[in-house]
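Let's take a quick tour of a protein model together. Have the sequence and the 3D view open, and look things up as we go.

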Amino acid sequence: MNMEINKIAVIGAGNMGHQIAMCAALSGFSVRCTDNNADILGKAVQFADNYWTERVNKGKLTEEAAKAARENLVFAPSVQSAAEDADLVIEAIIEKLVIKRTLFAELDKICPAHTILATNSSYIASSKITDATSRPDKVCNMHFFNPALVMKLVEVVQGSHVSDETVEAVMTVATKMNKTPVLLHKEIYGFLVNRFLQATRQEALKLLDMGVASHEDIDLAVKNGLGYPMGPFELMDLTGIDLAYHTYMEKYKDSGDPADRPSPTVVEKFTKGEWGKKVGKGFYDYS
Ligand SMILES: NC(=O)c1ccc[n+]([C@@H]2O[C@H](COP(=O)([O-])OP(=O)(O)OC[C@H]3O[C@@H](n4cnc5c(N)ncnc54)[C@H](O)[C@@H]3O)[C@@H](O)[C@H]2O)c1
C-alpha cells in the first residue's frame with residue numbers, strides 16, 4: 001500500500017532545515033518548520049521571505065508559485081506544533097546522536113502512529129535512533145545535500161528495520177520535491193557521497209597539517225585538477241566546520257580509533273568559533 005504524504009514537519013531551521021522546508025513548500029506540501037533557537041528561526045523566516053521575492057524579481061518563479069509556497073510554509077514555535085499532525089518528519093538538528101535520540105523519542109510521542117520519522121543526518125544511520133521510538137519500520141535516513149534548494153541528490157537508506165512502504169513513501173516525496181533520490185539497500189557509514197567527500201577532506205587536511213600547501217592552493221588543485229566545483233576547504237566552510245568537528249568526534253566516540261579524531265586544524269577552527277560561512281569566517285573570510 002502506498003502511503004500518501006501531504007504534511008511535512010522539518011525540525012531544525014539551520015543550514016539545512018530551512019531550505020529543505022522551502023523545497024517541500026515549493027513542491028506543494030504543507031510544511032511546518034521549527035527550531036529551538038529563536039534567532040535561527042527568525043533568520044529562516046527572513047531568508048524565506050527574501051528568497052520568494054528575489055526569485056519572482058529574477059523571473060525564476062511566478063507570483064502564483066511564490067504565493068503558494070509562502071502559504072505552504074509555516075515557521076512553528078515548537079516541535080509539538082510543527083509535528084503533531086505531520087505525515088513525515090524530517091529531522092535536521094545538530095549531528096549528535098544523544099540529542100537526536102531524545103528528539104525522536106519526543107516525536108514518537110507527539111506524532112500519529114502513521115508518521116514517518118526521517119533523519120537528514122550526514123553520517124548517523126537510523127538504526128542508532130530507531131529504538132528510541134516505538135515505530136522502527138518508519139524510521140529512516142533521508143539525506144539532502146547543501147544547499148538543499150539547489151542540490152538534486154537525496155540519499156534514502158533502507159536499514160533492515162525499515163519497511164518497503166516507508167522507503168516508497170520517502171522516495172516519492174523526494175521525487176515530488178524535484179530531487180533525484182537514490183536508494184541504499186543497507187546502512188553504511190557516510191552513505192554514498194560522504195564516503196567520497198570524507199576521503200578527499202581527510203587527504204586535504206593531512207596535506208595542510210603537513211605544511212605541503214596552503215588551503216587556497218589545495219582548493220585550487222582539487223578544482224582545476226579533479227574538476228570539482230568546490231575545493232575541500234571551501235566546501236567545509238559551506239557545510240560548517242562545527243559539523244565536521246562533531247562528525248569526527250561522533251565517529252571517534254564510536255570507534256575509539258585515534259585516526260578518527262578531528263585533525264588539529266579542525267579542532268583549532270572549531271575552538272576559535274571559526275565555523276565557516278554561517279559565522280563569517282572559516283578557512284576563508286566572508287566579512
Ligand atoms: N551542513 C551540511 O552541509 C549538511 C548536509 C547534509 C546533511 N546535514 C545534516 O543535517 C543536520 C543539520 O545540520 P546543519 O548543518 O543544518 O546544522 P545547523 O547547526 O546549521 O542547524 C541545526 C539546527 O538545529 C537546531 N536544533 C538543535 N536541537 C534542536 C531541537 N531539539 N529541536 C529543534 N531544533 C534544534 C539548532 O538550533 C540549529 O539551528 C545534521 O544532522 C547534519 O549532519 C548537514
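In which helix does Leu 41 lie? It sits in helix α2, which covers residues 38-57. Keep in mind that what you're looking at is a predicted model.

**The whole protein**

- If you count up the secondary structure, you get eleven helices and eight strands.
- The radius of gyration is 19 Å, close to the 19 Å that the globule rule gives for 287 residues, so the protein is as compact as a globular protein of that length.
- Along its principal axes, the C-alpha trace spans about 55 × 45 × 35 Å.
- Out of the 287 residues, 49% count as buried.

**Around the ligand**

- The ligand is surrounded by 22 residues, and the closest are Met 16, Asp 35, Glu 95, Lys 100 and Ser 122.
- Sorted by type, the shell around the ligand has seven nonpolar, eleven polar and four charged residues.
- Met 16 comes in with its backbone, where an N or O atom lies 2.9 Å from an oxygen atom of the ligand.
- Asp 35 uses its side chain instead: a polar atom there is 2.6 Å from a ligand oxygen atom.
- Ser 122 also brings its side chain, with an N or O atom 2.7 Å from an oxygen atom of the ligand.
- How much of the ligand does the protein bury? Taken alone, the ligand exposes 830 Å², and the protein buries 87% of that.

**Helix α1, on the inside**

- Helix α1 runs over residues 17-26, and nine of its ten residues are buried, so the rest of the structure largely encloses it.
- The buried ones are Gly 17, His 18, Gln 19, Ile 20, Ala 21, Met 22, Cys 23, Ala 24 and Ala 25.
- Just past the end of α1 you'll find Gly 28, which takes a positive phi of about 95 degrees.

- Leu 41 and Glu 106 are 65 residues apart along the chain, and their C-alpha atoms are separated by 20 Å.
- Glu 71 belongs to helix α3 (residues 63-72). With a relative accessible area of 55%, which is over the 50% cut-off, Glu 71 is exposed.
- Glu 71 and Val 31 are 40 residues apart along the chain, while their C-alpha atoms are separated by 9.2 Å.
- Asp 108 is part of helix α5 (residues 97-110). Its relative accessible area is 15%, so this residue is buried.

- Pro 147 sits in the loop between β6 (139-144) and β7 (153-157).
- Asn 178 isn't a glycine, but its phi is positive, near 65 degrees. Look for Asn 178 in the loop between α6 (164-176) and β8 (180-184).
- At 52% relative accessibility, Asn 178 counts as exposed.
- Phe 191 isn't a glycine either, and it has a positive phi of about 55 degrees. This residue is in the loop between β8 and α7 (193-209).
- Is Phe 191 buried or exposed? Its relative accessible area is 0%, so Phe 191 is buried.

Note on methods: Residues are numbered from 1 along each chain as its sequence is written. This is a predicted model: local features need pLDDT of at least 70, side-chain atom pairs count only at pLDDT 80 or more; totals for chains, interfaces and linings use all residues. Side-chain values use heavy atoms; hydrogens and water are left out. A residue is near a molecule or strand if one of its heavy atoms lies within 4 Å of it. A polar contact is a pair of N or O atoms within 3.5 Å; within protein, one must be able to donate a hydrogen and the other to accept it, and residues adjacent in sequence count only if both atoms are side-chain atoms. Accessible areas come from the Shrake-Rupley method with a 1.4 Å probe; for residues, only the protein chains shown count as cover. Ala, Val, Leu, Ile, Met, Phe, Trp, Tyr, Cys and Pro count as nonpolar, Asp, Glu, Lys and Arg as charged, and the others, Gly among them, as polar. Helices (H or I, at least four residues) and strands (E, at least two) are DSSP runs, numbered from the N terminus. The radius of gyration is taken over C-alpha atoms; the globule rule is 2.2 Å times the number of residues to the power 0.38. Buried means under 20% relative accessible area, exposed over 50%, partly exposed in between (1.4 Å probe, protein chains only).
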